[in-house]
Structure formats: C-alpha cells, structure tokens
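Please look through the sequence and the model below before reading on.

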Amino acid sequence: MTLDRTQFRPLSLSLCLVAAAVMAACGGGTGTEEPTAIAENDSASNTSLAASTGDQTAVAGVNVNADTGTPAEAPAIASEAMLSEAQAASELPVAAAVETLADPDARVEGVEVADNFAEASNPDPAVRAEAINVGFIDTLAVRINAALIPLGNAGSTKELLQPTAELPTPNGSSGAFRTVCKYSHMASDDPIVFPNQPGRSHLHTFFGNTGANAYSTADSLLTTGNSTCRGGTANRTAYWVPSMIDTRTGAPLKPSDSHFYYKNGAKEIKPGSVQPLPQGLRMIAGDPKNASPTGPFYYNCKGGPNVKEIPNCTVGTQLFQNITFPQCWDGVNLDSPDHKSHMAYQKKGVCPSTHPVILPEVTFRIVYLVTEPDAPLRWRLSSDTYDRRLPAGYSSHGDWFNGWKPEVSNSWAKNCIAASKDCHSHLIGDGRKQSF
C-alpha cells in the first residue's frame, strides 16, 4: 500500500491507546556534548518567581499536533465521545477495533490509520520507513487542551537597571552571570526553525520577550516587546522550550521558575578568552526528534541525581529541566540553514578550528513544582512524539534568540565572565544591578 501524506489526518491520543502495541520510535541522538551539571547551590536558583504578578492572557489555540504543529482537524476519530468505544475494543486487532466505532466517517478514517500502523510495523524496512515518513509519527502526538494554557506575565515596558554599591564576587578561574525570567506565553511558533509560519511547530513555552512569535526577527526582538526578565527591556531575548504537558488532562504546565546562565563553560576555558554575544545571534540546543537518552540536556529533582528522562519527584520538590547550548561560534554567521552549523560544542575546553570564537556558555534551567503524588509520571514534552513505552523527556531542547541591549550584555561579559567574577543573578559588573 502506498501512503499519501495529503490524505492522512493526525491521530490524537485516544486512538493511540487502542494501538499502543504497535507504536514505533522515531528520531535519534543529537551527536552533541553532554551538558555540564549546574551546582545545586548556584545563586540563581535561590530567586523564586512564585510570587510573580502581572499575568496576561496566554496565547490560545486549538488541539495541536506535537510533531507538525498544525491544528488537529475536527471531528477526529478519537474524539472524547468515542473514547470509551475505542477502549472497549482495545483487545481486538487495530483494524477490527476501529470497525467497532459507531460513526461511519470515524470507521473510514480509523481503517486508514490502522493501515498506517500496520505499515509502520511491517517487517520490510522499506515499508516501515515509508510509513514513518508519510505520517505514522503524527499518530504519536501529545494531546493538548489549549483551553488550559496558563496565563503568562505581562512583562515590563521599561529598562530596570539601578545603581548599586554591591560588587561582584571574585570567583577563581571561572566567571558567571545569571538572570531570571518569568513565564511569558505559549504558542505553536518557532521564529528560528519556522520563521513567518505561525502554528507550524509543536507547542512552546516562551520566556523573556513577550512579543516573540513566528514573525520575530533580530531587529523586532531588540526594539519591541515587553520583557519578563530581571532588568526589564535591557534583556528582550527570547528563550523557549517545548511545553510540558500533563497527559491526563492535556494541560500545559506553567513553570514555577526559570533561570538562564551565562558562564565561561568548561574549567579549561580561560574566562578572559570569552567574547561578548554578537547582536542577532540565534541558536538551538538539542533535537525535538530525539528518542534516546542522549543529548545536551538532563533532568533532576532538587537534590537528586541527574537523569535523562523526566523523573518522578516527590510532592513539594522542584523538578529541573536543564539544557546546555554550544559556545563555539564560527565568527561569521548569526544563523545557518540547519540552525546549528554556525555553532559547535567545545571538547575539554577546546573549540574546533572552524568555530574559533568562544562565547558565553548559555544554560537553561526550567523549574516545575510537583504538587501531586506521581504527577511527573504523566508528564511529557509537547515534542515527545516517539514510542510511549519509552521514558518521557528525550526530545528536550531549547531555542535562544538574542535580544540583549548590547551595552548591557557587553558589560556583564567583560566585568563578570572575562573578569572571573560571580555577578550572581542581578549584577552586571559596572556598578549597576538588574531588578524586577
């Protein structure tokens, strides 16, 4: 059977329950360096956003296909009204199970999807590859209830820098600057991977520039939009990650905190060799199609070990999602066709000759508070479209699009990182501090 992607409609979570026995994994490793762990006592982690104010209405939408980012068509075969029927038939072969559905249109679509499952589990590798290529991946989408997207912070319209007598702390052979940004909004946009294509990506959670969307450019981020970051519009950078979804309800989860680190990186890298961030730079860490425990990310419960899957933290514990970006730049390109080739990871403090410029190492720490027993067992990233029998969280990745006011980022790059000073999460090293 030849599959036509234009005739294939994404299947939601309910039918995936029926066909779980034949699900297949997708994606692969990132081929990148493993991230350096963030110390638990890092001062940025001591700043809570739990009491943040100024919430605004989040970007709303419809149920989203997590791999393609396109809205799910309605009515779909696996509507809530059909769920009990489909589950009741779950012990039957997939094709037989969908034939039990009451709605004739649902049965027609169900048979087509069942054929896709059969093709994707075919012993012939060529048939399997075609099935995956034309849409089998779409059947593993994470169901999202857009009505439950949490409210975001409205951000500041002003630059929030104040004089201070507080001095950065000498930090031996390393330099560090950190900042904190409140959750801004969620949208199925990605201005780096899918520029000018709203709704094209899986659902993302954004921090920093409140105006970040599919149409964002280096100029628009630098000059427009409020900022949810400490320092206000001195930092209009856009930071985003795949949304964390509670699969029981389809609710996207609101991060309780988020911390963004800028450091000299590996201990072998001399802080004085780190250069300021170029204006307009954008970069990606990780791979949204990854389906294995490899890549520049890790998770941990506060005080617990670093792991590659979403851990089941106890009630009241913070769950950390950590992502480390490459810091070796080719010195020429602010982006590249694959959005990665202009950057590279260092190895034991050495950048490849093709990427000789050492930039600050950027690390995201996204924090979720566990409020119910075993809640993380139900959590998946919006980009986790691989076999559900595998642990959740392998597709972890982050996007960073520079919107720093150059005079400010140059200051902390020079007076904090290059000077081997610890500027904590508020000092910029020139007699000024950031505030909310």
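How many disulfides does the count come to? Taking a disulfide to be a pair of cysteine sulfur atoms within 2.5 Å, the count comes to four disulfides.

## Basis of the report

The model is a predicted one, in which local features need pLDDT of at least 70 and side-chain atom pairs count only at pLDDT 80 or more, while totals for chains, interfaces and linings use all residues. Residues are numbered from 1 along each chain as its sequence is written, and side-chain values use heavy atoms, with hydrogens and water left out.

## Disulfides

When the bonded cysteines of the protein are numbered in sequence order, they pair as 1-2, 3-4, 5-6, 7-8. One of the disulfides joins Cys181 to Cys229, with an S to S distance of 2.0 Å, and its 95 degrees about the S-S bond make the link of Cys181 and Cys229 right-handed. Cys181 lies in the loop between strand S5 (176–180) and strand S6 (183–187), and Cys229 in the loop between helix H6 (218–223) and strand S8 (238–242), so the pair ties together parts that are 48 residues apart in sequence. Helices (H or I, at least four residues) and strands (E, at least two) are DSSP runs, numbered from the N terminus. Cys181 has a relative accessible area of 0% and is buried, and Cys229, at 1%, is buried as well; here buried means under 20% relative accessible area, exposed over 50%, and partly exposed in between (1.4 Å probe, protein chains only).

Another disulfide joins Cys301 to Cys313, also with 2.0 Å from S to S, and this link is left-handed, with -95 degrees about the S-S bond. Cys301 belongs to strand S13 (residues 297–301) and Cys313 to the loop between S13 and strand S14 (318–324), twelve residues apart, and the pair links distant parts of the chain. Cys301 is buried with a relative accessible area of 16%, and Cys313 is buried with 2%. Cys416 and Cys423 form a disulfide too, their sulfur atoms 2.0 Å apart, and with -90 degrees about the S-S bond their link is left-handed. Cys416 is buried at 0%, and Cys423 counts as buried, likewise at 0% relative accessibility.

## Aromatic pairs

A pair of aromatic rings is described by the distance of the centres and the angle of the planes. Rings of Phe, Tyr and Trp (its six-membered ring) pair if their centres lie within 6.5 Å, and planes under 30 degrees apart count as stacked, over 60 as edge-to-face and the rest as tilted. The structure holds 15 aromatic pairs. Among them is that of Tyr262 and Trp412, whose ring centres are 4.7 Å apart and whose planes are at 50 degrees, so the pair is tilted. Since Tyr262 lies in strand S11 (residues 257–263) and Trp412 in helix H7 (residues 406–417), the pair ties together parts that are 150 residues apart in sequence. Tyr262 counts as buried at 0% relative accessibility, and Trp412 counts as buried at 0% too.

Elsewhere, ring pairs link Phe207, Tyr239, Phe260, Phe325 and Phe364 into a cluster.

## Charges over rings

A charge sits over a ring if NZ of Lys or CZ of Arg is within 6 Å of the ring centre and within 35 degrees of the ring normal. The charged end of Lys308 sits over the ring of Phe297, 4.4 Å from its centre, and the charged end of Arg380 sits over the ring of Tyr386, 5.1 Å from its centre.
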